[in-house]
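Please keep the sequence and the model in view while reading.

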Amino acid sequence: MSLYPSILLASKSPRRAALLRQIGAAFMAVPTGADETIPPDMAPKRVVETLAMRKARAASLNAQKNSTWKQFELTLGADTVVCLNGLILGKPNGVPGAMRMLQALSGKTHRVLTGIALIWNSGAEEAWHEETRVTFRNLSDREIEAYAKTGGPMDKAGAYGIQEQAGAFAARIEGCYFNVVGLPLARLAERLLEPS
């Protein structure tokens, strides 16, 4: 039996699923079909909170239609972005795009923001975000190209997964490591243990 409430995870991300399994949470992952268009001129922290809530609401609505939602105590939506000098780096479009992003991140400090949205069965909703600062060492063109060609960067914000080969790129991490992977585990676990 899990210590945490049962969760409908509004994400098909294998990384988020692995993190919830790691803490022993009971959950079911579902696709949302939510619009993930980034609103223009919106601060990154608001972007991730808005998109996380959009995903959670879409999953919750879909689940309510087929009674799946009743099996779970809350719906969890999440969205992660990489931000360099105030600009959001989304998922790359092919190997050249991934290489450009990684070259931009090389030798610099960037921010990783994950927005979390919780919709409890009581109807209560909340959204918040966690920020982690990651500093990449100087990367050679050779290692950038080699990593980009693995295909690993293609479904990840900022064109890297810190839990993959790109973990060797991070010289310093300030904040929650798991936030960079896709869920700020410590803060999320703390919140899940509070009454809704």
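## A first residue

Is Tyr147 buried or exposed? In this predicted model, Tyr147 has a relative accessible area of 2%, and because buried means under 20%, Tyr147 counts as buried.

## Aromatic pairs

The structure holds 4 aromatic pairs. One of them joins Phe136 and Tyr160 edge-to-face, with 4.8 Å from centre to centre and 65 degrees between the planes. This pair links distant parts of the chain, since Phe136 lies in strand S6 (residues 125-136) while Tyr160, 24 residues apart from it, lies in the loop between helix H4 (141-148) and strand S7 (170-174). Phe136 and Tyr160 are both buried.

The rings of Tyr147 and Phe169 have centres 5.6 Å apart and planes at 90 degrees, and because edge-to-face requires an angle over 60 degrees, this pair is edge-to-face too. Here again distant parts of the chain are linked, with Tyr147 in helix H4 and Phe169 in the loop between H4 and S7, 22 residues apart. Phe169 is buried at 4% relative accessibility. Ring pairs join Phe136, Tyr147, Tyr160 and Phe169 into a cluster.

## The two sides of helix H6

Within helix H6 (residues 185-192), the buried residues include Leu185, Leu188, Ala189, Arg191 and Leu192. These residues are on the same side of H6, because the arc they cover around the axis is only 165 degrees. Ala186 and Glu190, on the other side of H6, are exposed.

Among the elements that cover the buried residues of H6 are strand S1 (7-9), helix H1 (14-22), strand S3 (74-84), strand S5 (109-120), S6 and helix H5 (177-181).

Technical notes
Residues numbered from 1 in each chain as written. Predicted model: local features only at pLDDT ≥ 70, side-chain atom pairs only at ≥ 80, totals over all residues. Heavy atoms only, no water. Phe/Tyr/Trp six-rings, centres within 6.5 Å; stacked < 30°, edge-to-face > 60°. Helix = DSSP H or I, 4+ residues; strand = E, 2+ residues; numbered from the N terminus. Buried < 20%, exposed > 50% of the residue type's maximum accessible area, 1.4 Å probe, protein only. Arc of directions from axis to C-beta. Contact = heavy atoms within 4.5 Å.
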